[in-house]
Amino acid sequence: MFIHETVLKTEAVNGLDIRPDGIYVDCTLGGAGHSQLIAKQLNSNGILIGLDQDSYALEHAKEKLQRVSCQVYLVRTNFRHIQQAVDQLEINKVDGILFDLGVSSPQLDLGERGFSYHQEAPLDMRMDIDQEFSAYHVVNEWTEEEIARILFEYGEEKFSRRIAREIIQQRTKEPITSTLQLVEIIKKAIPAPARRTGPHPARRTFQAIRIAVNDELNAFRQALEQSVSILKPEGRISVITFHSLEDRICKKFFQEQARGCICPPSFPVCTCHQMPIMRIITKKPIIPTEDEIERNQRARSAKLRVAEKI
């Protein structure tokens, strides 16, 4: 059964400022938590488009959205293809776009998907199960330098070099094929005092490999750029991030889109004629309440940012 507790659900949907006859894209359909709340606010002329590359998520979302009054289109695709998905539906512009960049609970909890460092499973971590490239290829085929780089950049893992070295040493003896096999290698590489404090010692490494397998950061950048072009004036983008790199990308992108004149201060008059495209709604990111974090520990690092097209 697909059970997923949606983080910042009400805040993210409220950020879209829903119009009953509007067109809205949920780029990360997942358990359809946000989509259900959007659909409740739409009338029969409203349109909800749900994107997800996970066929398992799409099947369950279809069941949950069966009885809504608005028009629903569910598309199996990576959100980096949002422009193409909207074009294929012969829709020109949309009123709102939502991103929830957290990995859904069912993906984490289903052992066979290989996202969890708590369960024995094949090294997989693919959001799209039809994709050939998986965590197995990263761990067993990438160079020590490549592995160390992604652990440091995507996982902010300070023991990235030690872990990468240990992975290389272990795979010369036999292929690394399972999640718990990788967890033991990570534990061996991290000094004992560091293992005893903070989060699970494998959390950062698993996060980094997952991001690499699914090319998540590049996909997000591409999706943001396309989102602005398909958004109607006064249309909004709501983005929930769970990782400092994702939040930095979102914050920087919104700031760039909201920037006006870029002429040097010494210029008496503007010659660049650059006009802002977006208006930032959330001057500071919205974060979950203590109650929400207590109910759902996965919410602890969530941040919501909202911007509106001018």
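Which hand does the crossing of H12 and H13 have? In this predicted model, the crossing of these two helices is right-handed. Helix H12, which spans residues 216–230, packs with H13 at an angle of about 25 degrees, and the two axes lie 11 Å apart. Because angles under 35 degrees count as roughly parallel, H12 and H13 are described as roughly parallel to each other. On the side of H12, the contact is made by Glu216, Leu217, Phe220, Arg221, Leu224, Glu225 and Val228, and these residues meet Leu245, Glu246, Ile249, Cys250, Phe253 and Gln257 of H13. By class, the residues of this contact comprise eight nonpolar, one polar and four charged.

Arg162, Ile163, Glu166, Ile167 and Gln170 contribute to the contact from H8, whereas Leu182, Ile185, Ile186, Lys188 and Ala189 contribute from H9. The contact of H8 with H9 divides into six nonpolar, one polar and three charged residues.

Five aromatic pairs are found in the structure. One of them, between Phe133 and Trp142, is stacked, with 6.0 Å from centre to centre and 25 degrees between the planes; Phe133 itself is partly exposed, at 28% relative accessibility. The rings of Phe253 and Phe254 have their centres 6.4 Å apart and their planes at 50 degrees, so this pair is tilted. Phe253, which is among the H13 residues in contact with H12, is buried with a relative accessible area of 9%, and Phe254 is likewise buried, at 2% relative accessibility.

When its neighbours within four places in sequence are left aside, Ile262 is in contact with Cys272 and Gln274. Ile262 and Phe115 are 147 residues apart along the chain, and their C-alpha atoms are separated by 43 Å.

Definitions and conventions. Residues are numbered from 1 along each chain as its sequence is written. This is a predicted model: local features need pLDDT of at least 70, side-chain atom pairs count only at pLDDT 80 or more; totals for chains, interfaces and linings use all residues. Side-chain values use heavy atoms; hydrogens and water are left out. Contact means heavy atoms within 4.5 Å. Axes are lines fitted to C-alpha atoms, for helices over the stretch in contact, and angles run from 0 to 180 degrees between N-to-C directions. Helices (H or I, at least four residues) and strands (E, at least two) are DSSP runs, numbered from the N terminus. Angles under 35 degrees count as roughly parallel, over 145 as roughly antiparallel, 65 to 115 as roughly perpendicular and the rest as oblique. A crossing is left-handed if the near helix is turned anticlockwise from the far one by less than a right angle, and right-handed if clockwise. Ala, Val, Leu, Ile, Met, Phe, Trp, Tyr, Cys and Pro count as nonpolar, Asp, Glu, Lys and Arg as charged, and the others, Gly among them, as polar. Rings of Phe, Tyr and Trp (its six-membered ring) pair if their centres lie within 6.5 Å; planes under 30 degrees apart count as stacked, over 60 as edge-to-face and the rest as tilted. Buried means under 20% relative accessible area, exposed over 50%, partly exposed in between (1.4 Å probe, protein chains only).
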